[in-house]
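Please read the briefing below beside the sequence and the coordinates.

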Amino acid sequence: MLKRLLLATALLFAALQPALAVDPAEVLDDPALEARARDISKGLRCVVCQNQSIDDSDATLARDLRLLVRERLTAGDSNKQVVDYVVSRYGDFVLLKPPFKFATLALWLGPLLFVALALIAAFAFFRRQRAARAETVAAPALSDEQKKRLDDLLKGDGS
Amino acid sequence: MNNRWLYSIPLAIFCVLGIYLGIGLTLDPKQLPNMLDGQPVPAFDLPPIKDRGAKGFASTDLEGDVTLVNIFGSWCVACRTEHPYLMKLKEQGAVPIHGIDWREEDPDAGPRWLKRFGDPYTLVGDDPRSKAAIAFGVTGAPETFLVDQKGVIRYKHIGPVNDEVWKEVLQPLIQQLRRNGSQTGGQKGGS
């Protein structure tokens, strides 16, 4: 029983491995070129199923794009040339990591801006609190008469 | 306290963000920008599909007249919806329509489809490996490109062409391009 359970669990995890979309027939003979192709493919968005890279996607268009990447690499293109070609057809949207440029400034700097705002707000808040505390400490001193009365109250038992 | 208005800043930021994100919700992520707008058609030279003679479809065929380039496939359901309208445009002689038969696994499927539903195309090229489709930046079928007399892409329509798209977008653009073309004969005109 336990053995079976273990086996079932093992099989379950085996099935959880990411399915490789790259068909063995697509793989290039040159391992260095193939590695570059995989690298490029991982950064390119599949335009059909938009949250997958073409390396992960089983869509036909993704396959055709993978083949195109490999074809261009074999023809001697640099990685940048290949990516630039695809971007020239589909726009920056195909890049899973958006480039840093004017149109994407808000995207890249937005989070930093919000963290900065939060820090400024927190700083202002704590400074004000400290100032408020300082104010309470610096409450007007008691006059001699008041001091005496206070002493009496503390010493005496309500007399 | 005199800087009470400071408290409204987060609210203002929230509202601005909300408006932007709200606009974002109305956009369709499937509608990719036309990267080729105003650019010459990419170079391609596709072989013919079966039963359509020896002439395929190449980028050089696109000079001379305003044309539509329609990416279709026999597997594509929306193309089937679009097809009668393309037939109608052909009957009216509105504009030459060229076809790119995209991603047919069976080379007979495209010709069979055209035989069954009618053939609205002047030229048809076979693109089983998405060569031309990727060059055009196609993400799905059908897509239709409006190409001017000099072979420059002027408009891309994603999805089926129908009466609304034709009357409101394509026809006015075509008329305008034809007017400009005949008026200036290739020079820049200021009409």
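## Briefing on chains A and B

In chain B, B:Thr144 stands opposite B:His157 in strand β7, and this pairing belongs to the antiparallel arrangement that strand β6 and strand β7 (residues 153-158) of chain B form over five bridges. Everything here describes a predicted model, in which local features need pLDDT of at least 70, side-chain atom pairs count only at pLDDT 80 or more, and totals for chains, interfaces and linings use all residues. Residues are numbered from 1 along each chain as its sequence is written, while chains are lettered from A and ligands numbered from 1 in the order in which they are written. Helices (H or I, at least four residues) and strands (E, at least two) are DSSP runs numbered from the N terminus, and two strands are said to pair if DSSP finds at least two bridges between them.

- Strand β6 of chain B covers residues 143-147, and five of its five residues are buried, where buried denotes 20 or more other C-beta atoms within 10 Å of the residue's own, exposed denotes 12 or fewer, partly exposed lies in between, and C-beta atoms are placed from the backbone.
- Both faces of β6(B) are covered, with B:Glu143, B:Phe145 and B:Val147 buried on one side and B:Thr144 and B:Leu146 buried on the other.
- Strand β3 (residues 67-72) of chain B runs antiparallel to β6(B) and is joined to it by five bridges; within chain B, B:Thr67 stands opposite B:Val147 in β6(B).
- The hairpin of β6(B) and β7(B) has five residues between its strands, and in this hairpin B:Gly151 takes a positive phi near 80 degrees.

**Backbone features in the loops of chain B**

- A cis peptide bond, with omega about -5 degrees, joins B:Ala141 and B:Pro142, and B:Pro142 lies in the loop between α4 and β6 of chain B.
- B:Arg103 is not a glycine, yet it has a positive phi of about 60 degrees; B:Arg103 sits in the loop between β4 (97-102) and α3 (109-117) of chain B, and it is buried, with 24 other C-beta atoms within 10 Å.
- B:Ser130, although not a glycine, has a positive phi of about 60 degrees; B:Ser130 is found in the loop between β5 (124-127) and α4 of chain B, and it is buried, with 22 other C-beta atoms within 10 Å.

**Chain B as a whole**

- Chain B contains five helices and seven strands, which run α-β-β-β-α-β-α-β-α-β-β-α from the N terminus on.
- The radius of gyration of chain B is 21 Å, whereas a compact globule of 191 residues would have one near 16 Å; this radius is taken over C-alpha atoms, and the globule rule is 2.2 Å times the number of residues to the power 0.38.
- The C-alpha atoms of chain B fill a box of roughly 85 × 45 × 30 Å along the principal axes, and 35% of the 191 residues of chain B count as buried.

**Chain A as a whole**

- Chain A has six helices and zero strands, and its radius of gyration of 34 Å is well over the 15 Å that the globule rule gives for 159 residues, so chain A is more spread out than a compact globule.
- The C-alpha trace of chain A spans about 100 × 60 × 25 Å along its principal axes, and buried residues make up 16% of the 159 residues in chain A.
- Chain A is divided into domain 1 (2-97) and domain 2 (104-158), with bounds that come from an automatic or database domain assignment, and the C-alpha centres of these two domains of chain A lie 58 Å apart.

**Where chain A meets chain B**

- In all, 14 residues of chain A are in contact with 12 residues of chain B, contact being defined by C-beta atoms, placed from the backbone, that lie within 7 Å.
- On the side of chain A that touches chain B, α3 (60-74) and α4 (79-90) of chain A each supply at least two residues, and α3(A) gives the most, with six residues.
- The buried residues of α3(A), among them A:Leu61, A:Leu65 and A:Leu68, pack against α2 (31-43) and α4 of chain A together with α4 (131-135) of chain B.

Technical notes: Two residues are in contact if their C-beta atoms, placed from the backbone, lie within 7 Å.
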